[in-house]
Amino acid sequence: MTDIDRREFLTHAAGGVAAMALVPNLKAYGAFALNQPVRIGVVGVGRQGREIMGELGKLPDVSVVAVCDVDERRLKSGLRRSSGAMGYATVHELLSSGTVDAVAIATPTHTHKDVALECIKAGVHIYLECPLAHTREDCVAISEAARSAPAVIAAGLQGRSNPVYSLARGFFRSDSVRDLISMRAQNNLKTTWVSPSNDPVRKAALNWKLDPERANGLAGEWGTHQFDVFHWYTGKYPTRVVGNGGVRFYEDGRKVNDTIACSLMFEDGATLSYDATLANSYGGKHEVFFGSNAAIKLGWSHGWLFKEADAPTQGWEVYANRQQFHNDEGITLIAGATKLAEQGKLKEGIGLPNPSVHYALLDWVSAIASKGSPSCSIDEAARATVVGIAANEAIVTGKTVDIDLAGL
Amino acid sequence: MHLPSIQTPCVHLDPEIRHIDDESFACLGFEAMGCRFEILVEARLPSLSLCDCKSIAEEMRELVLDWHNRLSIFHPHSITSQINRTEAGQEILLDQDMYSLCELCDQLRVSTNGVFNIAAGTLMHAHGFRSTSADDSAIEDLDLSEAFTLDKGRGSIMKLDDRIMLDFGAIAKGFVLDLIREELVELGVANAFVHGGTSSILAIGSGPKSRPWISAAGQQHAVNLSGYSAGVSEIYSREVIQGGRKVGHVMDPRTKVSMESTVSRVVCVHQSAAVADAYSTACCVSPQLADRLSSDPCSIIVFDVNNPPTLHDPLGVVSKRLKNHT
């Protein structure tokens with residue numbers, strides 16, 4: 001961070017009441033106005049697609065008018081979650097109907113390229129779930145097509161639109177952690193990662209994540225989202241990665257590791273350690289920045305600042321809410337803290353009222369309304385996805401893999 | 001071995017099947033809808049491996065959590081909260097799933113003579129179950145039988161009074177168990193047992209050792225739940241102190257006051273878990289309904305603190321409890 005950045009942040013954050021520094025303006029995340037409702041089609045209505053439908057339903061001036069899925073059962077489920085939407089088996093049929101201004105794409109990762117390119121060609125606004133694709137070539141193809149598109153194309157790396165993450169990034173960029181020593185992240189979730197079906201053909205189609213030809217394992221599917229948080233905060237990308245993994249728990253013949261660990265190395269010597277497992281949930285999903293003055297821990301709906309004893313004190317800390325973690329005390333980074341305090345609702349453990357995807361969709365629709373840019377561009381998503389692909393390659397091969405972001 | 005927590009004084013599993021072999025059953029427990037859910041799904045090789053069953057149980061957990069988020073009155077962004085804070089006279093478009101639930105609730109209100117009513121949430125607020133500022137006088141003139149209207153053509157709901165507060169708590173668990181049954185059957189599951197907080201139960205097929213899913217119901221009766229669902233309601237399971245007296249959480253929407261009858265508990269066994277939940281709630285409030293509702297058909301046991309249980313058993317699922325069933 002430059003001194004100018006630091007001064008600029010401190011001027012904005014420290015002026016007036018010190019406690020205001022803790023408060024991202026949640027209201028600003030919901031501020032958009034449209035001349036007419038955006039007509040949205042949701043492509044891919046599995047679990048993620050249905051969640052997107054639910055969150056779009058909470059937004060003003062948005063109407064889900066179409067749902068699309070090649071899987072008949074999922075299409076029916078999606079339609080049941082809509083109010084009068086039309087159903088389509090293919091994205092081509094959906095786009096040909098001419099009924100949508102925008103599409104949210106939540107299809108399997110390996111299908112993103114074909115779906116996204118068709119939507120870009122049709123000129124509709126796009127929200128594209130991440131990882132962007134399962135190969136570097138597909139990332140490049142989507143990225144190149146998106147650059148010349150007049151529509152708003154947002155990528156679903158949700159950390160970039162998460163109010164808690166934006167708030168914490170302000171602290172990070174203003175030097176609250178001081179010298180960045182190291183970074184760590186994990187995603188632990190006890191789950192089979194299997195979508196059930198008693199039809200073998202359908203089961204194979206639904207379980208693309210467990211096919212190494214169609215997906216990039218835990219590092220690709222989960223890690224990409226978390227790696228991007230570090231890219232966004234530091235403004236840097238790793239250059240090399242080493243890793244390992246194995247099937248430690250699920251003895252069902254799967255070929256994709258259920259447990260992984262990798263180290264992503266940056267040019268300046270910093271290292272991001274990442275591990276993930278499907279066999280244990282302890283600690284869940286989080287990212288940590290370790291600095292000489294403090295650590296910042298981010299848990300998607302929550303964030304905390306852990307200060308060192310020799311770190312300088314800032315005025316607002318006196319009023320801050322705190323949470324105990326064994327021997328450590330975290331200052332809670334609460335989105336909308338002042339408003340909650342006024343309502344007497346500021347309490348320990350309070351987090352974001354909506355899931356991360358809500359803010360990503362809100363950011364996208366706001367960008368459509370303002371003809372602006374979304375928080376996460378396709379280019380940023382392409383780079384994060386390629387990092388995830390490289391990490392998976394390192395884990396699968398056991399070799400050190402150079403991360404090539406040239407041209408992205 | 002897995003031990004499901006079906007061991008309330010009212011309902012607990014036959015000891016012969018209570019210990020579940022986790023080599024043949026996938027077991028998953030989690031918190032949702034204000035209680036602990038447990039899902040047991042039996043593997044059946046070669047078509048249904050234990051890992052398949054685990055993934056099925058996980059899918060069902062997602063289904064429950066999804067509906068928890070959609071229906072919770074404590075979540076400001078749930079559909080229920082959106083309905084409750086919308087002004088009277090303003091139409092709210094619902095998705096088809098949510099409209100189906102509202103329609104079912106309205107049908108159950110009619111079939112229970114207005115005793116089961118999701119607008120009873122209004123009473124929970126007024127009597128202080130939902131806030132510290134109870135004011136039951138504010139709803140004296142309110143007619144809960146005309147709380148809202150549904151428009152099937154548009155798939156919408158409209159509140160008819162600003163004071164109306166909907167609460168799906170009395171049926172949410174049963175409704176989601178019905179959805180789970182549909183999914184489990186579709187996925188080819190032959191034997192499964194699911195309960196939410198032991199008060200809403202779904203039993204498919206048979207239990208371990210091919211024995212039926214038999215559960216004790218009170219001191220004298222055992223119920224064969226296989227192929228059925230059960231709903232259990234208790235009057236004093238939750239209460240607040242109002243005006244120096246205990247007020248139970250079962251309210252009569254017709255009179256708008258808490259019940260003070262001698263009925264302590266009602267168990268209803270029905271094909272549908274949602275209907276079982278609604279009927280058990282209705283019979284807690286109005287036990288004389290049991291005779292008529294049992295012709296649905298369903299089996300109903302009404303427990304009274306002063307008298308022996310009253311039994312209506314057209315399904316023929318209730319038997320005398322075995323001695324060793326403790």
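**Burial first.** I call a residue buried when its relative accessible area is under 20%, exposed when that area is over 50%, and partly exposed in between. Phe306(A) comes out at 15% relative accessibility, so I noted this residue as buried. Phe325(A) has a relative accessible area of 26%, and therefore went down as partly exposed. A reminder to myself: this is a predicted model.

Next I went back to Phe306(A) and Phe325(A). Their ring centres are 5.5 Å apart with planes at 65°, so I wrote down edge-to-face for this pair. Phe306(A) sits in strand β13 (residues 303–307) of chain A and Phe325(A) in strand β14 (residues 322–325) of chain A, so the pair links distant parts of the chain, 19 residues apart.

Which residues do ring pairs link into a cluster? I found Phe172(A), Phe230(A), Trp232(A), Tyr233(A) and Phe289(A).

**Charges over rings.** In chain B, the charged end of Arg70(B) sits over the ring of Trp67(B), at 4.4 Å from its centre.

**A hairpin in chain B.** I followed strand β9 (residues 214–217) of chain B to strand β10 (residues 221–224) of chain B; the two pair in the antiparallel sense over four bridges. Ala216(B) stands opposite Ala222(B) in β10(B). Three residues lie between the strands of this hairpin, where Gly218(B) takes a positive phi near 75°.

**Where the chains meet.** I listed 25 residues from chain B and 23 residues from chain A in the contact. Together, chain B and chain A bury about 2000 Å², with 41% of it on carbon and sulfur atoms. How many salt bridges are there between chain B and chain A? My count is seven. I also looked up the salt bridge of Asp97(B) with Arg81(A), whose closest N and O atoms are 3.0 Å apart.

Note on methods: Residues numbered from 1 in each chain as written. Chains lettered and ligands numbered in written order. Predicted model: local features only at pLDDT ≥ 70, side-chain atom pairs only at ≥ 80, totals over all residues. Heavy atoms only, no water. Pairing = 2+ DSSP bridges. Phe/Tyr/Trp six-rings, centres within 6.5 Å; stacked < 30°, edge-to-face > 60°. Buried < 20%, exposed > 50% of the residue type's maximum accessible area, 1.4 Å probe, protein only. Lys NZ or Arg CZ within 6 Å of the ring centre and 35° of its normal. Contact = heavy atoms within 4.5 Å. Buried area = accessible area lost by both parts, 1.4 Å probe. Salt bridge = Lys/Arg side-chain N within 4 Å of Asp/Glu carboxyl O.
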